[in-house]
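Here is a chain to go through by question and answer. Each answer sets a value against its cut-off.

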Amino acid sequence: MGRGRAKAKQIKVARKLKYYSPDTDLNRLQQELGADAHKSGPSDPYDDEPDYSAYADKYNVDDDDEYEN
């Protein structure tokens, strides 16, 4: 019988979370995340990968080319 108040409170909290949108301080967020202010744009996570383009040209073979006479 006591479930009504608990459910009503859960609904109230859920609505508050859904519709509440605080003002976001983007500068403060940037400081908290430790972002470097001097960098421009996102860095490429694959910059440290070696260049495999020479191997791609050498070893890339189409399956259709193997079976032609």
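Q: What makes Y52 and Y55 an aromatic pair, and why is the pair called tilted?
A: A search of the whole structure finds one aromatic pair. Y52 and Y55 form that pair, at 6.3 Å centre to centre. Rings of Phe, Tyr and Trp (its six-membered ring) pair if their centres lie within 6.5 Å, so the distance qualifies. The planes are at 45°. Under 30 degrees counts as stacked, over 60 as edge-to-face and the rest as tilted, so this pair is tilted. The model is predicted: local features need pLDDT of at least 70, side-chain atom pairs count only at pLDDT 80 or more, and totals for chains, interfaces and linings use all residues. Residues are numbered from 1 along each chain as its sequence is written, and side-chain values use heavy atoms, with hydrogens and water left out.

Q: How many helices and strands does the chain have?
A: Four helices and zero strands. Helices (H or I, at least four residues) and strands (E, at least two) are DSSP runs, numbered from the N terminus. The order is α-α-α-α.

Q: Why is helix α2 said to lie largely in the open?
A: Helix α2 covers residues 26-33, and of its eight residues the number buried is zero, so the helix lies largely in the open. Buried means under 20% relative accessible area, exposed over 50%, partly exposed in between (1.4 Å probe, protein chains only). Of the 69 residues of the chain, 0% count as buried.

Q: What makes R28 and E32 a salt bridge?
A: Their closest N and O atoms are 3.5 Å apart. A salt bridge needs a side-chain nitrogen of Lys or Arg within 4 Å of a carboxyl oxygen of Asp or Glu, so R28 and E32 qualify. Both lie in helix α2, four residues apart, about one turn of the helix. A search of the whole structure finds one salt bridge.

Q: Are R28 and E32 exposed or partly exposed?
A: R28 has a relative accessible area of 45%, so R28 is partly exposed. E32 is at 53%, so E32 counts as exposed.

Q: Why is L29 called partly exposed?
A: L29 has a relative accessible area of 38%, so L29 is partly exposed. This residue lies in helix α2.

Q: Why does D48 count as exposed?
A: Its relative accessibility is 65%, so D48 counts as exposed. D48 sits in the loop between α2 and α3 (53-59).
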